[in-house]
Amino acid sequence: EQNKAFYQDASMWFAPKSEQDNDSYNEFDNLIVNDTLGSYAKAVAESIKFPPATAYTFGLAAVASAMQLNFFYRYFGSEKPVTLYMVASQPPGTGKSGVKEAFCEPVEAAYNEISSKNSVERQLLEMQLASEKNELEKANGSEHESRARLKKVEELKEEIAETPVYRYAYEDATPEALEEASLKQRGVFNVITDEATAVAALIGSLYSDGKSNNGMLLKGWDGETISTIRISRDGGTGKVRGVFAILAQDEAIKGLIENGLRGNGALERFLMVREKPTLGTRDHSIYTPIPYELKNLYEETVTNIVTQRAKVCFELSKEAQEYVAYLKNDYEPHLADGGKYSHNLLRGAVGKMDKNVIKIACILHGFENWKPSGKRSKTVQLEQVMQAHHVYKQLIQAYETTAQSQGYMGAQTEMSKVIDAIQRQIERKKTSIPLRNLRDLLKSHPVFAGMPKLTEHLKTKVL
């Protein structure tokens, strides 16, 4: 007002501060569906004294891993696998290994049961194949006989390929090794771990250039065809489908987000959970075992799912299909530039809302219907899709909160980066900065990278 130069002295101004601490945990409102799987997840969480929503989300992924062999759903005329990618964060000492064992050991036992049967069958087929090849080499007959034997050889090879000895899950695998292993077992793979190193290997942070082949992450989520060839190794071709259930520390989430900022599409396939840990509040003198009947019911159900011999393809009821279409229309405006989900970390994830909701609905439906008393119904009803959307809606909010808490998006993070940029200009003895120059200083930062209409966003929202 007095036209004095005091305003140019930074010491005359209050230091700008963000309104709140950026580090926050996900909060959930009745995320757990009130069914058998939900009851088991609550019992596991109570027994281990573990955050319940995290246990339940991991349980959904564990059941999805059980459904990999023969469960699909029909979507716009094509068949898609019931896959799920989930990453959750908890600090050391919270009981992650116990949660993993409670959900995954029964599934692994069922996989091993199938593998034992397949091993015997496979050896018989390999003996037949060897015999046919031997007879083919000895054959001095007609061309017709040779063709018939060659056809039999190829048929036996196909039968052997369809009778794999499964390995249930991998804890630490590079994409190349995962690709090779999955193509040997009908394209099926599961990555289930309680260590962050699995993510580091998959996204390439263990490599010198920090890059990785993301083909398995991208194609495995929707059962797509992978076709690779490398000078250094044999490639492979085939449809792959898989589940990621990662229950680790914050480093796993940070690694995935940083990988996703490259815009390769891997991150948007994951659902994230970062729930407040129970550390410091647990009473270890109290032990609540999982009820035997509930544990036994879970084990029998996942065994029924894994050992299902015939292919199952779920279909949505007419009302359920209409509800999914309604949801897509409801989310659509928020994907536009400047919309609620327009950030490059959110747009791809929310764009896959429909498939993730259907997958969760199929998991809920499949678990209830493949219980010992289940009806084996293949039609997913409206109620289950609504329940699945309730779960998904909270998980996508958790996804957003997690990215914000790790400093990759959100109003607080944006303000902090703008403050840092202005502070650097002050330290260089500059007393003003044009808006376009501020934009140029910020546009390459991960928080603002790829943001449409960045100048307008800075002017109207952040500043």
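Reply: Helix 16 provides four residues, the largest share of the lining of the second largest pocket; helices here are DSSP runs (H or I, at least four residues), numbered from the N terminus. The model is predicted, so local features need pLDDT of at least 70 and side-chain atom pairs count only at pLDDT 80 or more, while totals for chains, interfaces and linings use all residues. Residues are numbered from 1 along each chain as its sequence is written, and side-chain values use heavy atoms, with hydrogens and water left out.

At least two lining residues each come from helix 13 (382-405), helix 14 (411-427) and helix 16 (454-462). The volume of the second largest pocket is about 360 Å³. Of the 20 residues that line this pocket, Gly 339, Ser 342, Glu 414, His 457 and Lys 461 are the closest to its centre. A pocket is an open set of points, on a 1 Å grid over the protein atoms alone, where a 1.4 Å probe fits, with protein on both sides within 12 Å along at least five of seven lines; lining residues have an atom within 4 Å of a point. Grid points are joined across faces, edges and corners, and the volume is the space filled by probe spheres set on them.

By class, the lining comprises eight polar, seven charged and five nonpolar residues. Asp, Glu, Lys and Arg count as charged, Ala, Val, Leu, Ile, Met, Phe, Trp, Tyr, Cys and Pro as nonpolar, and the others, Gly among them, as polar.

As for the whole protein chain, its C-alpha atoms fill a box of roughly 110 × 55 × 45 Å along the principal axes.
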